[in-house]
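Welcome! Let us walk through this structure together, one region at a time.

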Amino acid sequence: MSTSDRQAHWQTVYTTKAETEVSWYEDAPDLSMVLLRQAGLTPDMSVIDIGGGTSRLVDALVASGQAHVSVLDLSAAALETAKARLPGAKQVQWIIADVTAWMPARQYDFWHDRATFHFLTEAADQQAYVRVLAQALRNGGKAVIGTFAPDGPERCSGLPVARYDAESLQAVLGSGFKLAATCRHQHRTPRRSVQQFQFSTFEKIA
């Protein structure tokens, strides 16, 4: 799928559905916050949320005193919704971009991605994502990546997805990243169905 097609798809999603109607909605990003803290995130560090959309992670990070937060998403509508909740959050940078084509202007201490990478089903897009991740994350930085598990859904938001366990995700990321932690998670959607997720934390080593 091209960048323009992806952008059109997600702009449509976020302009036709309420925040609480999308399957990935959660009231509070408790697991993400726990995993980031366990990986060593402290308030003085920088963190970027990839495919953040209307996620409440940025709210939680700001509330916890995080000094440097960036949120990247394809959909301008999604970021406007999130931005409207945090009118005084000057420490947040909002980035409208396709992560596979993004050119980061800086490096971050932490990279967070909950349910973005698994939408990249073509090898070229996956490799582009890994290249950007390597550019954007400092050496020793951590990436917390949540995807559908091998027994998770095969489609989401009308699109096919790729499913991973920690080992298969490590294989895609390559030797520049080392698996540091992993856990499974059951996400309950707003319609009360259960989706199986896999969260893995990687350290950039080269």
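This is a predicted model: local features need pLDDT of at least 70, side-chain atom pairs count only at pLDDT 80 or more; totals for chains, interfaces and linings use all residues.

**Starting from a tryptophan**

Residues are numbered from 1 along each chain as its sequence is written, and side-chain values use heavy atoms, with hydrogens and water left out.

W94 also belongs to the largest nonpolar core, which has 38 residues; those with the most contacts inside it are W10, V58, L61, V92 and W94. A nonpolar core is a set of buried Ala, Val, Leu, Ile, Met, Phe, Trp, Tyr and Cys residues joined through side-chain atoms within 4.5 Å. Here, buried means under 20% relative accessible area, exposed over 50%, and partly exposed in between, using a 1.4 Å probe and protein chains only. Two or more residues of this core come from each of α1 (3-16), α2 (30-38), α3 (57-63), β2 (68-73), α4 (76-85), β3 (92-96), β5 (137-148) and β9 (194-204). Another core lies apart from it and has 25 residues, among them I50, A97, L173 and F202.

I50 leads us on to T116, which touches I50 and G51, not counting residues up to four places away in sequence. You can find T116 in the loop between β4 (108-114) and α5 (123-136). T116 counts as buried because its relative accessibility is 16%. From C-alpha to C-alpha, T116 and T147 are 7.4 Å apart in space, and they are 31 residues apart in sequence.

Next, look at E26 in the loop between α1 and α2. Its side chain is joined to that of R114 by a polar contact of 3.4 Å. Such a contact is a pair of N or O atoms within 3.5 Å; within protein, one must be able to donate a hydrogen and the other to accept it, and residues adjacent in sequence count only if both atoms are side-chain atoms. Not counting residues up to four places away in sequence, E26 touches R56, R114 and H187.

Finally, step back to the whole protein. Its secondary structure comes to six helices and nine strands, taken as DSSP runs (helices H or I, at least four residues; strands E, at least two) and numbered from the N terminus. Buried residues make up 52% of the 206 residues. The C-alpha trace spans about 40 × 40 × 30 Å along its principal axes.

Note on methods. Contact means heavy atoms within 4.5 Å.
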